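Here are a few notes to read alongside the structure. Keep the 3D view open and find each residue as you go.

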Amino acid sequence: MSDLELSDYKKELIFSEIGLKISKARKLSRKKIDTVSKILKIKTSNLLAIEDGQYTSFSDEVYLKGFIKCYAGYLGVDISGELNALYSHEKEKGDKTQKVN
């Protein structure tokens, strides 16, 4: 497995972990996805993609991260550890790219 594949795999794991935490919290709070969608003004399909860890469904990660923070905040889910891991991963990936160039 190449460094790039390993890097993408790690990112996928982080987004999956975030999605599982959010999905579990929503289900435990008995909130319907359609209701949350209307309150947050985020498409149901985007909320489901977040819950499923499907980060590639978004055209830009800026939107994805914003939606995740909004969704997690609404449900009271602490994802700071996962976001820190994601930011560290991105910084590390950027440092490797700069060293190659």
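1. Is E82 buried or exposed? Before the answer, bear in mind that this is a predicted model. E82 has a relative accessibility of 8%, so it counts as buried, the cut-off being under 20%.

2. Where does E82 sit, then? Look in helix α5, which covers residues 80-100. If you skip the neighbours within four places in sequence, E82 is in contact with I14, E17, I18 and K21. For a sense of how such residues can line up: an α-helix has 3.6 residues a turn, so residues three or four places apart point the same way.

3. Now for the aromatic rings. A pair of rings is described by the distance of the centres and the angle of the planes. The model has two aromatic pairs. One of them is F15 with Y55, and this pair is stacked, with 5.0 Å centre to centre and 20° between the planes. F15 belongs to helix α1 (residues 3-28), while Y55 is in the loop between α3 (44-51) and α4 (61-75), so the pair ties together parts that are 40 residues apart in sequence.

4. How accessible are the two partners? F15 is buried, at 3% relative accessibility. Y55 counts as buried too, with a relative accessible area of 13%.

5. Last, take a look at α3. Which residues are buried there? They are N46, L47, A49, I50 and E51. After α3 comes G53, and its phi is positive, near 70°.

Technical notes: Residues are numbered from 1 along each chain as its sequence is written. This is a predicted model: local features need pLDDT of at least 70, side-chain atom pairs count only at pLDDT 80 or more; totals for chains, interfaces and linings use all residues. Side-chain values use heavy atoms; hydrogens and water are left out. Rings of Phe, Tyr and Trp (its six-membered ring) pair if their centres lie within 6.5 Å; planes under 30 degrees apart count as stacked, over 60 as edge-to-face and the rest as tilted. Helices (H or I, at least four residues) and strands (E, at least two) are DSSP runs, numbered from the N terminus. Buried means under 20% relative accessible area, exposed over 50%, partly exposed in between (1.4 Å probe, protein chains only). Contact means heavy atoms within 4.5 Å.
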